[in-house]
Amino acid sequence: MDHEEHEVRVLVARQEITNADRQWASQYAPGDVVRYSTGSRTYGLAAGAYAQVEQVHPRENLLTVRQPNGEALTYDPRRLQGVTIYREADRAFGRGDRVQATAPDRQRHIANREVGTIEHIESGRLHLRFDAGRTLTFTLDSAVHLDYGYAVTSHSSQGQTADRVLVHVDTDQSETLVNRRFAYVAVSRGRYDAQLYTDDKARVADTLGREISHRSAIEQSSPLSQSQQYGVARFV
């Protein structure tokens, strides 16, 4: 059985980019990978297609991207919807590592943030068993939407349980980010034990007791990513 680590190139979403930011070329950088979830007939992009940013033209608000077939495409990002921007990163995966899916995959029936364990890696293939019981095999160059799964956001942990849960609570975060709803979701994931780690023990009770459920949708809206909005819980 293979006990060695294997380098895998993955895609990490640029979570600091808001929906409004995606409309402006200046928010992109050469090397970014763009996924077009809805595609575009106008530009000949299939749903789920990828391309890599080659040039950014802020003054004209244009992007030039290179498609997998080698063709270049220049367009105004305001004309496309359903776009996700990634940066490439390297991960070292080995047998026994906990990983999570960072994007949904309808063909493989993989939910976003679904968690599993690598059973083994051999002959350029990664064999993964999800916690739900399913097993799937990925070639190493197709595992771009996997990442470490030792810590997950409390939002994506809904529906999951673990024997022990370690919860990070930053009391300086706004009430939109850390509140009673966050506390309930994070702490209730543990079967037997939940431990809180915070920067201010004196303030943590008031911070986790804040209630925002009666606010309007506009008041609750935030351009921050889900990982920023809901904090982080570590499953042990």
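Below is a chat about a predicted model, its sheet, its aromatic rings and a few single residues.

User: I'm new to this one, so where does the model come from, and in what order do the strands of the open sheet run?

Analyst: The model is predicted, and in it 6 strands form an open sheet in the order E1-E6-E2-E3-E4-E5, with antiparallel pairing.

User: Which strands stand at the edges?

Analyst: Those are strand E1 (6-13) and E5, and because each has a single partner strand, one side of each is left without a neighbour in the sheet. Neighbouring strands of this sheet are turned by 40° against each other on average, with direction ignored.

User: And E2, what does that pair with?

Analyst: Strand E2, which covers residues 33-36, pairs in the antiparallel sense with strand E3 (residues 49-57) over 4 bridges, and 4 bridges also join E2 to strand E6 (residues 83-93), again antiparallel.

User: Which residues stand opposite Arg-35?

Analyst: In E3 the bridge partner of Arg-35 is Tyr-50, while in E6 Arg-35 stands opposite Thr-84. Val-34, for its part, stands opposite Ile-85 in E6.

User: Switching to rings, how many aromatic pairs are there?

Analyst: The count comes to 3 aromatic pairs. In one of them, the rings of Tyr-36 and Tyr-75 have their centres 6.1 Å apart and their planes at 70°, so this pair is edge-to-face. Tyr-36 lies in strand E2 and Tyr-75 in strand E5 (residues 72-75), so the pair ties together parts that are 39 residues apart in sequence.

User: Are those two tyrosines, Tyr-36 and Tyr-75, buried or exposed?

Analyst: Tyr-36 is buried, and Tyr-75 is buried as well. Another edge-to-face pair is formed by Phe-93 and Tyr-148, at 5.4 Å centre to centre and with 85° between the planes. Since Phe-93 lies in strand E6 and Tyr-148 in strand E11 (residues 146-148), that pair ties together parts 55 residues apart in sequence.

User: How do Phe-93 and Tyr-148 count, buried or partly exposed?

Analyst: Phe-93 counts as buried, because its relative accessibility is 0%, whereas Tyr-148 is partly exposed, with a relative accessible area of 32%.

User: Which residues do ring pairs link into a cluster?

Analyst: Ring pairs link Tyr-36, Tyr-43 and Tyr-75 into a cluster. On a related topic, Arg-108 lies over the face of Phe-138, at 4.4 Å from the ring centre.

User: OK, new topic: where is His-145 found, and what does it touch?

Analyst: His-145 is found in the loop between strand E10 (135-139) and E11, and with a relative accessible area of 14% this histidine is buried. Not counting residues up to four places away in sequence, His-145 touches Leu-11, Arg-35, Tyr-50, Tyr-86, Gln-100, Ala-101, Thr-102 and Ala-103.

User: Last one, where is Val-167 found?

Analyst: Val-167 is found in strand E13, which spans residues 162-169, and at 2% relative accessibility Val-167 counts as buried. The C-alpha atoms of Val-167 and Val-152, which are 15 residues apart along the chain, are separated by 9.9 Å.

Note on methods: Residues are numbered from 1 along each chain as its sequence is written. This is a predicted model: local features need pLDDT of at least 70, side-chain atom pairs count only at pLDDT 80 or more; totals for chains, interfaces and linings use all residues. Side-chain values use heavy atoms; hydrogens and water are left out. Two strands pair if DSSP finds at least two bridges between them. Helices (H or I, at least four residues) and strands (E, at least two) are DSSP runs, numbered from the N terminus. Rings of Phe, Tyr and Trp (its six-membered ring) pair if their centres lie within 6.5 Å; planes under 30 degrees apart count as stacked, over 60 as edge-to-face and the rest as tilted. Buried means under 20% relative accessible area, exposed over 50%, partly exposed in between (1.4 Å probe, protein chains only). A charge sits over a ring if NZ of Lys or CZ of Arg is within 6 Å of the ring centre and within 35 degrees of the ring normal. Contact means heavy atoms within 4.5 Å. Axes are lines fitted to C-alpha atoms, for helices over the stretch in contact, and angles run from 0 to 180 degrees between N-to-C directions.
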